[in-house]
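Here is a friendly walk through one protein model, from its aromatic rings to its strands and helices. Please keep the viewer open as you read.

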Amino acid sequence: MRQPGGVRLSAVICVGIVTAVALSLPAANAQRFGTRSQARRLAQAAAPAPGLRNDGEPRSCPTEQYIHSGPTNQSIFDQLTIEEYNSVVDFMVNQTGFIFPAAADRSEMLNPGSAGTNGVPIDGDASLLTEDYLYNVFLFPVNKAEALAYLDAGGPLPVRYAKVIAVRGAHSPPDVMEYKVGPLPIGDDTTYVEQYADGHIPWVKRPGDDLGDTGAMVTVIDKDALILKQVFNATIGQCYSYTDPDCASSNITSFWAPPQTRENGTNRVALNMFFFSPEWAGASDELQVMPIAFKTEMTSQDYSDWYNFEFEYCNQGFPTAQALADALTNGTLYVCNPKEWTSLSYNDNWLADRYQGPARGQSLKAGPRLYEPQGKRFTLLQGDSPSSRVFQYMGWQAHVTVDPWTGLSLHDVNFLGDRIAYEISVQDQFVAYSGYSSIGQAFYFDDSYQLGASSYQLRAGVDCPETATYMDIEMMGEFGYLIHSKAAVCFFEDWTLGTTTWRHTDVLEDGTLRDNGNRNYEFVVRTIATVGNYDYMYDVRFALDGAITCRIYQAGYMQAAYWDPAGRTSKDLPFGTVVHTFTLGNIHDHLSGWKIDLDIMGTSNSFHQATLGAGTFDEVFGPGNTPSWALPTDVVKYQKDHLIANERGFNLQTAGQSTFLITNDEAKNSFNVSKGYAIVHTGATASQLLPDNHPLVIAQSWTKYHIAVTQRKEEEPTLSKDYYDTHSPAQPVWSLDMALNNETIVGEDLVAWVMAGIVHVPRSEDDPLITNVGTQFEIRPVNYFDQLATLNVFEQNSFEPCTPQQGNAFDYSYNTSGNNVNYNKMSFKYN
């Protein structure tokens with residue numbers, strides 16, 4: 001029996017000082033430490049500690065140039081520039097006569113959060129309900145065949161186009177239209193081409209934050225809010241109205257979102273109300289939910305036809321506002337009364353997103369930090385756009401940008417000279433709540449709120465480590481405003497979880513140990529999309545062995561429902577958890593959709609499902625194949641490879657123990673095995689719980705599958721079109737099931753559409769803010785290399801320590817008064 005023996009070298013590394021401790025070693029070790037690296041470690045153990053200058057002062061960490069500017073071929077994937085946005089809007093207004101609502105007062109810039117401002121500087125206008133106007137402009141994706149010809153074969157520069165969404169309220173019938181505008185830059189050959197037939201996208205599917213809706217809703221809501229004035233007063237001692245001066249200082253706020261149940265061909269929203277604490281106003285409002293809600297019918301272009309219906313008060317239902325008011329008057333209304341919210345003694349610190357003392361133990365000491373003793377090991381190239389970078393790291397190279405709608409997007413991902421993926425991009429976030437009260441029936445297709453345009457400044461030292469480098473983004477947000485978000489993407493090298501990418505210990509015959517390993521370094525691209533109350537943290541992580549990890553974490557405030565401590569709302573208990581005196585957290589999910597366009601040794605790829613099973617030899621090979629050294633009843637594990645011939649989606653709960661691979665069956669490694677990459681869910685992931693025929697699942701059919709594979713087509717660029725299909729979701733403009741039409745996927749250019757997510761069952765520890773929680777999937781080489789790809793990555797165990805930041809103090813205090821996000825009206829005029 002082998003016993004561990006011998007004494008090992010021990011080293012302690014601190015920022016600024018290295019201490020090496022030399023220990024006595026058995027004579028046998030002189031024979032066992034045979035490699036140069038091992039001998040060097042022994043010599044270093046006996047040497048004086050390096051790292052201090054002769055004067056005893058540590059050196060500053062290197063700060064050599066690692067960001068470069070210049071032309072790059074990958075600039076074909078850049079998002080539109082400010083000049084392109086302006087020129088496209090100018091062109092479309094002059095060609096079509098459409099209104100562009102953000103064109104007026106174009107010099108105004110606001111920073112939401114600065115004193116005296118209240119967000120995007122534009123008001124709704126009900127007259128737009130019957131007008132034609134431009135809603136948004138963004139990049140029309142570059143044609144892949146043209147891109148590859150340019151990147152790989154020196155072909156012509158691909159033609160560049162913009163996509164324009166227009167709401168056409170003056171058309172007959174009124175509708176929404178998409179236009180392809182180009183070539184860019186605007187010139188004599190530029191045209192605009194409709195992408196659908198007239199009426200294909202009905203006007204009722206206009207984007208959810210439509211300016212006409214915003215202008216009209218004030219009148220429609222206020223009419224019934226005035227009727228309910230006494231109900232509000234009986235509940236909280238305040239009223240709610242846009243016009244009544246008695247309500248001017250009210251702390252009641254509201255927002256509307258599509259309800260889950262509705263008839264097709266309509267446009268309806270659910271209005272939910274909240275009580276905000278003046279000191280902590282913001283997303284924390286969603287933890288103090290008013291016990292009143294109703295729905296608004298807004299299908300007609302004539303908003304005088306709009307009306308409110310299905311009023312709910314503390315789990316009591318009423319058809320109209322007047323019926324609810326009458327119930328209060330005649331004494332039949334059970335009144336829910338969270339009046340402590342307005343009490344002078346009310347402690348609202350439970351809502352605070354801040355540190356709350358006294359400080360725990362040693363937390364006043366700074367915790368461990370990353371530092372780079374010999375400088376950065378990656379480089380960044382900025383091409384034509386300030387909103388994109390090309391990174392290079394340890395054999396990896398990729399173009400990074402942020403799509404204004406879907407968010408983080410990477411193209412032309414190469415490793416050791418091979419293109420691994422043409423595109424890796426976030427596509428969507430699906431959230432569906434559950435509850436007895438109407439707010440529990442809320443849902444959100446978060447792409448419709450612009451995941452990219454909702455990506456704000458990252459906090460140095462908190463969101464990203466001190467070694468990170470940042471990228472700003474510029475794009476068009478909702479209502480046509482140009483947004484500049486500082487430091488919205490960060491890049492850094494990480495020692496992931498302090499682990500190794502490979503390691504092993506051998507116990508030798510003389511009892512000594514021989515071990516080796518390599519730290520698990522990864523290059524990380526990170527951004528965070530804050531969509532109202534939730535923050536979605538996206539990492540794409542590039543490992544030294546050729547693997548890519550896509551990680552999704554959720555943070556922020558949960559949306560809650562009103563809880564009556566006396567038990568009136570007890571029917572909400574099966575749908576959530578009581579987390580505070582008047583607050584119930586509703587069950588909900590967060591499902592994240594991704595586009596993974598792998599190109600394994602080219603675009604002629606196939607999709608395989610490798611399944612694991614257990615059975616007898618006869619079950620594996622057929623009757624009569626049990627070997628002589630085994631019994632017929634012996635059970636063995638085995639794998640089977642299934643070539644998937646046609647487009648298909650898989651759910652992990654029904655797929656068994658399977659590995660899904662994209663391969664090039666014409667490209668073999670040295671052992672005649674097809675090269676490929678597997679897509680593996682390495683984090684626990686949820687499934688869609690709603691039935692397939694639910695309207696939300698019809699619109700968001702990607703949520704049914706953990707992986708679905710289709711032929712790649714230019715006309716099928718996305719998982720969904722949320723900005724239309726939040727309305728009348730059972731009749732979607734686009735859903736993934738429309739692409740799953742049984743076409744062959746053998747030897748074709750393929751796209752894998754991947755879903756990973758969680759179900760959030762709230763707990764009291766989730767107030768005020770949830771503990772970050774999420775999941776991930778990995779894109780992992782399988783038989784792509786002949787051996788472990790990290791053996792040529794040397795671990796530098798001997799280095800001179802240094803002082804980060806040239807010895808200056810670190811200060812990660814967040815500058816909330818800084819110009820973090822600018823909303824800029826278009827520098828544009830009518831000609």
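## Aromatic rings

The count of aromatic pairs comes to 40, where rings of Phe, Tyr and Trp (its six-membered ring) pair if their centres lie within 6.5 Å, with planes under 30 degrees apart called stacked, over 60 edge-to-face and the rest tilted. One of these is the tilted pair of Phe-443 and Phe-445, with 4.8 Å centre to centre and 55° between the planes. Phe-443 is buried, at a relative accessible area of 1%, and Phe-445 is buried too, at 0%; buried means under 20% relative accessible area, exposed over 50% and partly exposed in between, using a 1.4 Å probe and protein chains only.

A word on the source: this is a predicted model, in which local features need pLDDT of at least 70 and side-chain atom pairs count only at pLDDT 80 or more, while totals for chains, interfaces and linings use all residues. Residues are numbered from 1 along each chain as its sequence is written, and side-chain values use heavy atoms, leaving out hydrogens and water.

One aromatic cluster includes Tyr-66, Phe-391, Trp-396, Phe-542 and Tyr-677. Charges also sit over rings, a label given if NZ of Lys or CZ of Arg is within 6 Å of the ring centre and within 35 degrees of the ring normal. Two cases are listed here.

| Charged residue | Ring | Distance to ring centre |
|---|---|---|
| Arg-206 | Trp-203 | 3.7 Å |
| Lys-376 | Tyr-66 | 5.2 Å |

## Cores and the overall fold

The protein has 10 helices and 40 strands; helices (H or I, at least four residues) and strands (E, at least two) are DSSP runs, numbered from the N terminus. Of the 831 residues, 53% are buried. Among contacts (heavy atoms within 4.5 Å) with a separation of 6 or more, 69% join residues 24 or more positions apart.

The largest nonpolar core holds 161 residues, and Phe-391, Phe-542, Trp-594, Ile-596, Leu-598 and Phe-607 touch the most other members. Such a core is a set of buried Ala, Val, Leu, Ile, Met, Phe, Trp, Tyr and Cys residues joined through side-chain atoms within 4.5 Å. Apart from this core lies another, of 19 residues, among them Leu-591 and Tyr-705.

Leu-591 also turns up as a neighbour of Thr-703, which touches Phe-430, Leu-591, Gln-688, Val-697 and Met-755, not counting residues up to four places away in sequence. Thr-703 lies in the loop between α9 (695-699) and β36 (707-711) and counts as buried because its relative accessibility is 0%.

## A covered strand and a helix

Which residues of strand β29 (residues 583-586) lie on each side? Thr-583 and Gly-585 are on one side, Leu-584 and Asn-586 on the other, and all are buried. Strand β29 pairs antiparallel with β27 (residues 560-562) over 3 bridges, and pairing requires at least two bridges found by DSSP. Thr-583 is the bridge partner of Tyr-562. Strand β28 (residues 576-580) also runs antiparallel to β29, with 4 bridges, and a hairpin of 2 residues connects them. Within β29, Leu-584 stands opposite Val-578.

Helix α3 (residues 82-96) has 15 residues and reaches 21 Å from its first C-alpha to its last, close to the 21 Å expected, a span defined as 1.5 Å times one less than the number of residues. Its buried residues include Glu-84, Tyr-85, Asp-90 and Phe-91, and their cover includes β6 (132-140), β7 (160-168) and β22 (469-476). Gly-97 follows α3 with a positive phi, near 80°.
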